[in-house]
Amino acid sequence: MVNPVTGRLLTFPDPQQISLSIRASALIFADPESKKLLSLIERVAPSDATAYIKGETGTGKELVARHIHSLSSRRNGPFAAINCGAFSETLVESELFGYERGAFTGAVSTKIGWFESANGGTLFLDEIGDLPLSTQVKLLRVLQEREIVRIGSRKPIPIDVRLIAATNVNLEEAIRAGRFREDLYYRINVVPIQLAPLRERTGDILPLVRHFISIYKDRLHSTEPELPPDTLRMLLEYPWPGNIRELENTIHRALLVCDGNVLRPSNLNLPIIQTVFQDCLNSTHQTETDMCVLEKIFAQLFEQGHDELHDLVIRKLILQAYEHSRMNQVQAAKLLGISRNVLRTQLKHFGIIE
Ligand SMILES: Nc1ncnc2c1ncn2[C@@H]1O[C@H](COP(=O)(O)OP(=O)(O)O)[C@@H](O)[C@H]1O
Ligand SMILES: [Mg+2]
C-alpha cells in the first residue's frame with residue numbers, strides 16, 4: 001500500500017519475519033544499567049499493558065517495541081509502526097483511524113487506518129508528542145472505548161490492539177506548555193521505559209561495536225578487523241549524539257573504508273572538528289569579537305587542510321543545534337533558521353537519524 005501523500009510504501013511486516021529478524025539480530029544490553037532495563041522490559045512484555053518508551057533518537061526505542069511484541073502473546077499478530085511526526089495535522093487522523101469512501105475530497109475508496117491494521121497485534125506510535133491536540137482527544141477515546149470510528153463513518157469498530165508509545169521529547173514539559181493532554185499522558189504512562197543515551201551507558205559501546213562489525217563484515221564479505229587501542233579510545237570517548245544509530249552507521253562506513261585488517265581512528269571519520277575547533281579557540285585571543293574568532297578558526301582550518309571541510313563544519317553546526325534543543329527538530333530548525341524539512345534532510349544526510 002502506498003501513502004497517497006508522501007508516496008512512501010506502507011509496509012505491514014510479516015510477523016514471522018519479525019520474530020526471525022529479532023532472533024537473528026541480537027539485542028545488546030551489556031552495561032549494568034542496560035541489563036536492569038532489559039529485565040524490566042522482559043517482565044512487562046507478556047502483559048497487555050501500554051508501554052511508554054522515552055529516549056533520544058537512535059537509542060533503540062523501535063527495537064525495544066518490537067522486542068516487547070515478540071515476547072507477548074500477540075507475537076503472531078501484526079506489529080505496525082507509525083511515526084506521528086511524519087504526517088500533517090490533517091493526514092494523521094486518516095492514517096490512524098482510516099476513512100470511508102467519499103469522506104472528503106480525494107477519498108475515492110475506503111482505507112483502513114493503522115489501528116485496524118494492527119488489530120490483534122501491537123501498534124507502535126513513535127513521536128507521540130507530535131500528535132495535534134485534537135487527535136490526542138480522539139486517541140484517548142479510542143484507548144478508553146477500545147473502538148475506532150473511520151472518518152466519514154458513524155459505525156464503531158472494535159479494536160484489540162496493544163499500544164506502545166515513544167517520544168524523544170519531554171512529555172511532562174509538553175503538558176506544562178499546553179501541547180500534550182495530561183489525561184492521555186496518564187493513560188499511556190502505565191509502564192515507562194527510559195532508554196539512556198549511549199554516552200551514559202558506555203558499557204554498551206564496545207559490545208555494540210562488535211555486534212555491528214559481525215553483522216556488516218558478513219554483508220560486506222570482509223574479515224573481522226583488529227581494533228587498536230586508539231580506535232577503542234575514540235569509540236569510547238566520542239559522545240554519540242545520534243546514539244546507537246550513529247554508531248551503527250559509523251561502523252558500517254568504517255568497514256567500507258578501512259584497508260587491511262586494522263580499523264584505524266581515521267576510518268571512523270568521527271567529527272574530530274570538535275577537537276580542531278577547540279584547539280583553534282585555545283590559540284585565539286579571547287578578547288576578540290565572535291566573528292573575528294570564527295574567521296581565525298576558518299583561516300586556520302584552511303591552512304591545516306581538512307578533507308571534506310564543508311561537511312565537517314555543517315555537520316558540527318547541525319549536531320550542535322540538534323543537541324542544544326535536546327533533539328527537538330522544530331526547535332533546532334528554528335535555531336538554524338531553516339525549515340524542519342531541510343533539517344531532517346541534513347540529519348539524514350549525516351546519518352544522525354534514519
Ligand atoms: N540494544 C541494541 N542492540 C542492538 N542494536 C540496537 C540496539 N538498540 C538499537 N539498535 C539498533 O540501532 C538502530 C536504531 O534503533 P531504533 O530502535 O530505530 O532507535 P529509535 O527508535 O530510538 O530512534 C537500529 O538499527 C537498531 O537495530
Ligand atoms: Mg525510531
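1. Phenylalanine 79 stands opposite threonine 122 in S3, and the two strands concerned, S2 and strand S3 (residues 122-126), pair in the parallel sense over 5 bridges. Strands here are DSSP runs of E with at least two residues, helices are runs of H or I with at least four, and both are numbered from the N terminus; two strands pair if DSSP finds at least two bridges between them.

2. This is a predicted model, in which local features need pLDDT of at least 70 and side-chain atom pairs count only at pLDDT 80 or more, while totals for chains, interfaces and linings use all residues. Residues are numbered from 1 along each chain as its sequence is written, and chains are lettered from A and ligands numbered from 1 in the order in which they are written.

3. The open sheet is formed by 5 strands in the order S2-S3-S6-S1-S7, with parallel pairing. Its edges are strand S2 (79-83) and strand S7 (191-194), each of which pairs on one side only.

4. Ligand 1 is surrounded by 15 residues, of which the closest are Ile28, Gly60, Lys61, Glu62 and Leu63; a residue counts as near if its C-beta atom, placed from the backbone, lies within 6 Å of the molecule. Helix H3 (61-71) and helix H11 (243-257) are the elements that give two or more residues to this shell. Because domain 1 (15-196) and domain 2 (201-270) both contribute residues to the shell, ligand 1 lies between them, the domain bounds coming from an automatic or database domain assignment.

5. Glutamate 127, in the loop between S3 and helix H6 (133-145), has a positive phi of about 50° although it is not a glycine, and is partly exposed, with 19 other C-beta atoms within 10 Å. Asparagine 269, in the loop between helix H12 (265-268) and helix H13 (273-282), likewise has a positive phi, near 50°, and counts as partly exposed with 15 C-beta neighbours inside 10 Å. On this scale, 20 or more other C-beta atoms within 10 Å of a residue's own make it buried, 12 or fewer exposed, and counts in between partly exposed, with C-beta atoms placed from the backbone.
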